[in-house]
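Subject: Model handover

Hi,

Here is the model for you to look over. Please open it alongside this note.

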Amino acid sequence: MRFALTDEQQALRQAAADVLTRHCPPEILRQAWEGKPDNTAWHALADLGALTAMVPLDKDGLGLDETHLVGVIIEAGKVSLPYPITETALVAAPLVGTPVPNAGMVFASNLGSPLVVGANLADGLLLDTQDTQSPTRLFYFNDGDYDLKPVVTIDRSRQSAKVTLKNDNLPLTNDSETYIQHEGTLITDDPDEITLTFNRGYLGTAAELIGLSHTMLNMTVDYVKQRHQFNKPVGSFQAVKHHLANARLKLEFAEPALLYAAYALANRQDDSNRATSTAKWLANATAALTGRVALQCHGAIGYTIESDLHLYLKRSWALIRCWGDSNFHQDRVRQALLS
């Protein structure tokens with residue numbers, strides 16, 4: 001069995017890495033904390049076809065699968081892209097298609113979090129209109145069908161908001177009667193398709209966390225080479241080396257699990273649920289450990305907003321809790337093994 005990226009998939013990942021490194025440096029991420037983010041990197045991804053990669057051919061997409069996109073999302077995680085790439089490219093686009101005329105479409109959703117991440121950037125929303133962890137129907141709402149109330153969260157670059165649907169002027173609720181009042185487009189009520197949609201959300205968030213872990217680890221390695229104590233770089237101290245090695249080991253175990261999860265989803269394997277939850281579980285643990293190591297090795301400077309590490313840490317803390325925390329995915333893996 002081979003689930004590493006093919007040359008074609010690796011080429012798409014490298015192309016995404018090039019445009020994201022060029023158009024989404026830390027300065028752009030920092031600007032997104034204060035207002036609407038610069039969209040240059042987002043439109044560059046659209047030009048590559050990354051945002052429509054998994055849209056079926058009959059809906060004006062490329063008709064590719066999860067293995068083509070997972071590398072791109074890892075690279076988006078590395079720069080902490082201030083746009084909802086998982087919700088757009090992996091979750092909503094395969095279901096909704098391309099209902100907006102511009103290639104740089106943005107979708108947001110409440111499937112991975114009680115808040116809608118990227119709502120004020122979105123051309124439309126894919127929503128579970130029941131406040132449950134097991135939705136039975138998913139609806140699409142066009143921009144203009146809802147009102148937004150911005151919410152300040154731990155990572156302000158994620159542009160989170162609460163959503164109120166205009167036609168009934170009620171917030172999203174678990175009252176099944178509100179289905180009658182909502183004027184959104186029913187996208188799917190197929191349980192298998194809903195499960196697949198959630199698995200894609202788990203996969204994409206895990207990929208973003210793996211990318212963030214790469215960045216935080218690389219930043220820390222560079223920092224401990226430059227910082228000196230007792231006339232030596234602190235990176236030469238055995239304790240620091242052990243911390244960094246532990247983080248690297250976690251990352252080396254987690255990334256193959258992520259690639260396998262993408263393979264399992266792309267091939268609709270029976271163990272897709274277990275594979276995606278394993279990937280998210282390991283990615284959560286990797287990002288948590290790497291963040292702690294990075295913060296400790298940076299010392300007090302890592303706590304300050306002036307440090308770029310602060311921005312990546314806040315994103316990792318937010319994503320660890322989105323699309324299922326570690327306890328949720330541990331239980332899901334356990335149930336899959338016992339069934």
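Below is what turned up, from the whole chain down to single residues.

Overall

Bear in mind that this is a predicted model. The chain holds 11 helices and 10 strands. Its radius of gyration is 20 Å, close to the 20 Å that the globule rule gives for 339 residues, so the chain is as compact as a globular protein of that length. Along the principal axes, the C-alpha atoms fill a box of roughly 70 × 45 × 35 Å. Of the 339 residues, 54% count as buried.

Helix 1 and its two partners

Start with helix 1, residues 7–23. It packs on helix 4 (residues 66–78) at about 25 degrees, and the axes lie 8 Å apart. An angle under 35 degrees counts as roughly parallel, and helix 1 and helix 4 are therefore roughly parallel to each other. Their crossing is right-handed. From helix 1, the contact uses Glu8, Gln9, Leu12, Arg13, Ala16, Ala17 and Leu20. Helix 4 answers with Thr67, His68, Gly71, Val72, Ile74, Glu75, Ala76 and Lys78. By class, this contact has seven nonpolar, four polar and four charged residues.

Helix 3 (residues 40–48) is the other partner to check. Helix 1 and helix 3 pack at about 160 degrees, with axes 9 Å apart. Over 145 degrees counts as roughly antiparallel, and helix 1 and helix 3 are therefore roughly antiparallel. This crossing is right-handed too. Leu12, Ala15, Ala16, Val19, Leu20 and His23 of helix 1 meet Thr40, Ala41, Ala44, Leu45 and Leu48 of helix 3. The class count here is nine nonpolar, two polar and no charged residues.

Helix 9 and helix 11

Helix 9 (residues 272–298) and helix 11 (residues 326–338) pack at an angle of about 145 degrees, with their axes 9 Å apart. The crossing is left-handed. Helix 9 brings Asn273, Arg274, Thr276, Ser277, Thr278, Lys280, Trp281 and Asn284 to the contact. Helix 11 brings Ser326, His329, Gln330, Arg332, Val333, Ala336 and Leu337. By class, there are four nonpolar, eight polar and three charged residues.

Helix 5

How many residues of helix 5 are buried? The count is 12 of its 12 residues, 85–96. The buried set includes Thr86, Glu87 and Thr88, along with Leu90, Val91, Pro94 and Leu95. Just after helix 5, Gly97 takes a positive phi of about 85 degrees.

Glu193

Glu193 is found in helix 7, residues 191–226. It is partly exposed, with a relative accessible area of 31%. Leaving aside neighbours within four places in sequence, Glu193 is in contact with Leu95 and Thr188. Leu95 is one of the buried residues of helix 5. Glu193 and Leu95 are 98 residues apart along the chain, yet their C-alpha atoms are separated by 9.0 Å.

Best wishes

Definitions and conventions: Residues numbered from 1 in each chain as written. Predicted model: local features only at pLDDT ≥ 70, side-chain atom pairs only at ≥ 80, totals over all residues. Heavy atoms only, no water. Axes fitted to C-alpha atoms, helices over the stretch in contact; angles between N-to-C directions. Helix = DSSP H or I, 4+ residues; strand = E, 2+ residues; numbered from the N terminus. Parallel < 35°, antiparallel > 145°, perpendicular 65-115°, else oblique. Left-handed = near helix turned anticlockwise from the far one by under 90°. Contact = heavy atoms within 4.5 Å. Nonpolar A, V, L, I, M, F, W, Y, C, P; charged D, E, K, R; others polar. Buried < 20%, exposed > 50% of the residue type's maximum accessible area, 1.4 Å probe, protein only. Rg over C-alpha atoms; globule rule 2.2 N^0.38 Å.
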